[in-house]
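Biologist: Show me the model, please. I want to ask what lies behind the labels.

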Amino acid sequence: MEKTAELIKQITERLNRRPARIDKADRLWDAAVLVPLIDTKQGPAVLFEVRAAGLGWQPGDVCFPGGRYECGDDSFAKTAMRETCEELGITEDKIELCGELDYLVTHMGPIIHPFVGRLANEVKLDCNSDEVAEIFTVPLNFLLVSEPRVAHMELANRATADFPFDLLPRHPHDWYKRKGYNIYFYEYQGHVIWGLTARILHGFIKRFHKELQANIL
C-alpha cells in the first residue's frame, strides 16, 4: 500500500509538472500560416502565394504564407509572422495580427496553426523568389458568394509483412478503409486553391460569414 501511494504521488507530481500535449509518435510536426487580409481596388481581399517550382514539397501549389515552427519561436504566432515576413519581404510592423483560427491535425504530418492578420495599406512586397513564384489576391466579396467545389478523399491502411497475424488472425490483409474527408476547391482567374489552404479558407469564411456579409456585401 505504501509503495502504491508513493508511486501515485510521483506520477501526480510529474503529470502536474507540464500540461498535456499531442502525442507526436507518428512524426507529427508543427507549422503556422497567416491568412493575410489586404485592401485592394476591389475591396478587402485575401493574399495568396504560389509556391516556387524548385521547392521539394508541393511546388506550384497555392498556399498561405507560413512554414515550420522553429525552436527560436516563442509561439506559433511568431512562426506565422516570421515566415510571412521572410516570404513577402516585409517587417512585422506591417502586419496587424487579429488572432488564431482552429488548428488542424492532419493525416500527412503537420499540425497547422492558422492565424489571421491584416497587411498595412500600401505595403511594398519583395517576395523571396526561392520560395514564392507569384502572389495574387482574391476579393472577399468573391469568396463570400462563391461556393467551392467539393470532392472526397478516402484514407486506408494495410498491414505490412511484419504484422503478427498469428495474434490477430481476423485482421485484414489488404487495404482497409479508415475514414473519408472533404477537399475544397476554389477557382479564381486561373488559380486553383485547394488542399489545406482551401480548408483553412473555407473555415474562415464559414466562421465569419455574418461579419463578412455585414461589412462587404
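Modeller: Start with a charge over a ring. The charged end of Arg68 sits over the ring of Trp29, 4.3 Å from its centre.

Biologist: What makes a charge sit over a ring?

Modeller: NZ of Lys or CZ of Arg must be within 6 Å of the ring centre and within 35 degrees of the ring normal. The 4.3 Å of Arg68 and Trp29 is set against that 6 Å limit. One caution on sources: this is a predicted model, where local features need pLDDT of at least 70 and side-chain atom pairs count only at pLDDT 80 or more, while totals for chains, interfaces and linings use all residues. Residues are numbered from 1 along each chain as its sequence is written, and side-chain values use heavy atoms, with hydrogens and water left out.

Biologist: Why is the contact of Asp39 and Arg118 called a salt bridge?

Modeller: The term asks for a side-chain nitrogen of Lys or Arg within 4 Å of a carboxyl oxygen of Asp or Glu. Here N to O is 2.7 Å, so the pair qualifies. Asp39 is in strand β1 (residues 29–40) and Arg118 in strand β7 (residues 110–119), so the bridge ties together parts 79 residues apart in sequence. Strands are DSSP runs of E, at least two residues; helices are runs of H or I, at least four; both are numbered from the N terminus.

Biologist: How many salt bridges are there?

Modeller: Seven. Among them, Glu86 and Arg82 meet at 3.5 Å, N to O. Both lie in helix α2, four residues apart, about one turn of the helix. Shared partners join Glu70, Asp73, Arg82, Glu83 and Glu86 into one network.

Biologist: Is Arg82 buried or exposed?

Modeller: Buried means under 20% relative accessible area, exposed over 50%, partly exposed in between (1.4 Å probe, protein chains only). Arg82 has 13%, so the label is buried. Glu86, at 40%, counts as partly exposed.

Biologist: Which aromatic pair does Phe48 form with Phe64?

Modeller: A stacked one: 5.1 Å centre to centre, 25° between the planes. Rings of Phe, Tyr and Trp (its six-membered ring) pair if their centres lie within 6.5 Å; planes under 30 degrees apart count as stacked, over 60 as edge-to-face and the rest as tilted. Both Phe48 and Phe64 are buried. Phe48 also stacks with Phe136, at 5.5 Å and 20°. Phe48 lies in strand β2 and Phe136 in strand β8 (residues 132–139), so this pair ties together parts 88 residues apart in sequence.

Biologist: What do the ring pairs link into a cluster?

Modeller: Phe48, Phe64 and Phe136.
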